[in-house]
Amino acid sequence: MCVNFLGRLGKTTGLTYAEISVVFNLWVQGGLLVISALIPFVLALVRYCNNTAYFTDVVLTVALLLIYSIIYCWVFVHYGTSTKYAFDLCVNDLLHLAKLWHTSYYMVNIIIFIIGWLAAFGVNVFITWNLLDKSMKVIFPL
(Lines give C-alpha, C1' and ligand atoms only; values in the text may rest on other atoms or scores of the structure.)
Protein backbone atom coordinates (compact mmCIF):
# COMPACT_ATOMS: atom_id res chain seq x y z
CA MET A 1 0.00 0.00 0.00
CA CYS A 2 2.78 2.44 0.92
CA VAL A 3 4.81 1.54 -2.17
CA ASN A 4 1.74 2.20 -4.33
CA PHE A 5 1.12 5.52 -2.57
CA LEU A 6 4.71 6.66 -3.11
CA GLY A 7 4.66 5.40 -6.70
CA ARG A 8 1.52 7.40 -7.50
CA LEU A 9 2.83 10.44 -5.66
CA GLY A 10 6.06 10.14 -7.65
CA LYS A 11 4.19 10.00 -10.96
CA THR A 12 2.09 13.01 -9.93
CA THR A 13 5.18 15.04 -9.06
CA GLY A 14 7.38 13.73 -11.89
CA LEU A 15 9.81 12.03 -9.50
CA THR A 16 11.12 8.49 -9.57
CA TYR A 17 10.23 6.07 -6.78
CA ALA A 18 13.67 6.56 -5.18
CA GLU A 19 13.38 10.35 -5.37
CA ILE A 20 9.86 10.52 -3.91
CA SER A 21 10.83 8.05 -1.17
CA VAL A 22 13.67 10.31 -0.06
CA VAL A 23 11.67 13.53 -0.41
CA PHE A 24 8.53 12.23 1.30
CA ASN A 25 9.88 9.82 3.94
CA LEU A 26 12.89 11.85 5.01
CA TRP A 27 12.30 15.52 4.24
CA VAL A 28 8.52 15.96 4.30
CA GLN A 29 7.74 13.63 7.20
CA GLY A 30 10.71 14.93 9.22
CA GLY A 31 9.82 18.54 8.51
CA LEU A 32 6.20 17.98 9.50
CA LEU A 33 7.32 16.48 12.81
CA VAL A 34 9.47 19.51 13.59
CA ILE A 35 6.65 21.91 12.64
CA SER A 36 4.11 19.89 14.60
CA ALA A 37 6.41 20.11 17.65
CA LEU A 38 6.88 23.85 17.20
CA ILE A 39 3.14 24.53 17.50
CA PRO A 40 2.66 23.13 21.04
CA PHE A 41 5.92 24.81 22.12
CA VAL A 42 4.62 28.22 21.02
CA LEU A 43 1.24 27.54 22.64
CA ALA A 44 2.88 26.44 25.91
CA LEU A 45 5.18 29.46 25.92
CA VAL A 46 2.34 31.92 25.25
CA ARG A 47 0.12 30.29 27.86
CA TYR A 48 2.99 30.22 30.39
CA CYS A 49 3.59 33.94 29.82
CA ASN A 50 -0.15 34.50 30.41
CA ASN A 51 -0.03 32.36 33.59
CA THR A 52 -2.37 29.75 32.09
CA ALA A 53 0.15 26.91 31.67
CA TYR A 54 2.76 25.25 33.85
CA PHE A 55 6.51 25.54 33.40
CA THR A 56 6.57 21.76 32.90
CA ASP A 57 4.41 22.26 29.78
CA VAL A 58 7.12 24.50 28.35
CA VAL A 59 9.89 22.08 29.33
CA LEU A 60 8.06 19.11 27.78
CA THR A 61 7.39 20.92 24.53
CA VAL A 62 10.97 22.25 24.35
CA ALA A 63 12.28 18.72 24.91
CA LEU A 64 10.12 17.31 22.11
CA LEU A 65 11.03 20.13 19.75
CA LEU A 66 14.73 19.61 20.48
CA ILE A 67 14.52 15.85 20.03
CA TYR A 68 12.71 16.14 16.69
CA SER A 69 15.01 18.94 15.52
CA ILE A 70 18.18 17.03 16.43
CA ILE A 71 16.93 13.89 14.68
CA TYR A 72 15.89 15.92 11.62
CA CYS A 73 19.32 17.61 11.50
CA TRP A 74 21.01 14.20 11.79
CA VAL A 75 18.84 12.87 8.95
CA PHE A 76 19.67 15.95 6.86
CA VAL A 77 23.42 15.50 7.42
CA HIS A 78 23.39 11.69 7.10
CA TYR A 79 21.22 11.60 3.96
CA GLY A 80 21.97 15.11 2.66
CA THR A 81 23.40 14.04 -0.66
CA SER A 82 21.87 13.19 -4.01
CA THR A 83 18.51 11.46 -3.81
CA LYS A 84 19.99 8.34 -5.47
CA TYR A 85 22.74 8.04 -2.86
CA ALA A 86 20.35 8.97 -0.02
CA PHE A 87 17.89 6.27 -1.14
CA ASP A 88 20.61 3.60 -1.34
CA LEU A 89 22.02 4.64 2.03
CA CYS A 90 18.56 4.58 3.63
CA VAL A 91 17.87 1.10 2.21
CA ASN A 92 21.20 -0.13 3.60
CA ASP A 93 20.44 1.42 6.99
CA LEU A 94 16.97 -0.17 7.07
CA LEU A 95 18.42 -3.55 6.07
CA HIS A 96 20.94 -3.23 8.90
CA LEU A 97 18.16 -2.43 11.40
CA ALA A 98 16.12 -5.35 10.10
CA LYS A 99 19.04 -7.66 10.79
CA LEU A 100 19.54 -6.20 14.29
CA TRP A 101 15.83 -6.40 15.10
CA HIS A 102 15.45 -9.89 13.56
CA THR A 103 12.71 -8.76 11.22
CA SER A 104 12.24 -7.79 7.59
CA TYR A 105 13.19 -4.65 5.72
CA TYR A 106 9.49 -4.01 5.10
CA MET A 107 8.64 -4.29 8.79
CA VAL A 108 11.38 -1.81 9.72
CA ASN A 109 9.95 0.56 7.09
CA ILE A 110 6.49 0.20 8.61
CA ILE A 111 7.75 0.62 12.18
CA ILE A 112 9.77 3.77 11.43
CA PHE A 113 7.92 5.57 8.66
CA ILE A 114 4.33 4.69 9.55
CA ILE A 115 3.92 3.57 13.16
CA GLY A 116 6.76 5.67 14.56
CA TRP A 117 5.86 8.75 12.57
CA LEU A 118 2.14 8.51 13.40
CA ALA A 119 2.94 8.00 17.09
CA ALA A 120 5.28 11.02 17.21
CA PHE A 121 2.86 13.19 15.24
CA GLY A 122 -0.01 11.98 17.43
CA VAL A 123 1.85 13.02 20.58
CA ASN A 124 2.28 16.51 19.14
CA VAL A 125 -1.41 16.73 18.20
CA PHE A 126 -2.42 15.46 21.66
CA ILE A 127 -0.24 18.02 23.44
CA THR A 128 -1.45 20.81 21.15
CA TRP A 129 -5.07 19.86 21.76
CA ASN A 130 -4.55 19.88 25.52
CA LEU A 131 -2.86 23.29 25.41
CA LEU A 132 -5.66 24.95 23.46
CA ASP A 133 -7.98 27.17 25.45
CA LYS A 134 -11.60 26.14 25.69
CA SER A 135 -12.40 29.17 23.53
CA MET A 136 -10.01 27.86 20.86
CA LYS A 137 -11.60 24.42 21.04
CA VAL A 138 -14.86 26.03 19.94
CA ILE A 139 -13.07 27.29 16.82
CA PHE A 140 -11.34 23.94 16.24
CA PRO A 141 -13.86 21.36 17.52
CA LEU A 142 -11.88 18.15 16.91
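## Terms and model

Ala, Val, Leu, Ile, Met, Phe, Trp, Tyr, Cys and Pro count as nonpolar; Asp, Glu, Lys and Arg count as charged; the others, Gly among them, are polar. This is a predicted model, where local features need pLDDT of at least 70, side-chain atom pairs count only at pLDDT 80 or more, and totals for chains, interfaces and linings use all residues. Residues are numbered from 1 along each chain as its sequence is written, and side-chain values use heavy atoms, without hydrogens and water.

## Largest pocket

The largest pocket has a volume of about 580 Å³. A pocket is an open set of points on a 1 Å grid over the protein atoms alone, where a 1.4 Å probe fits, with protein on both sides within 12 Å along at least five of seven lines; lining residues have an atom within 4 Å of a point. Volume is the space filled by probe spheres set on the points, which are joined across faces, edges and corners.

Its lining has 26 residues, with Cys2, Leu6, Asn25, Asn109 and Phe113 nearest the centre. α1 (2–13), α2 (17–49), α4 (83–100) and α5 (105–131) each give two or more. Helices are DSSP runs (H or I, at least four residues), numbered from the N terminus. α2 gives the most, 9 residues. The lining has 22 nonpolar, 4 polar and no charged residues.

## Second largest pocket

This pocket holds about 470 Å³. Of its 21 lining residues, Asn25, Ile71, Val75, Ile112 and Phe113 are closest to the centre. By class, 16 are nonpolar, 4 polar and 1 charged.
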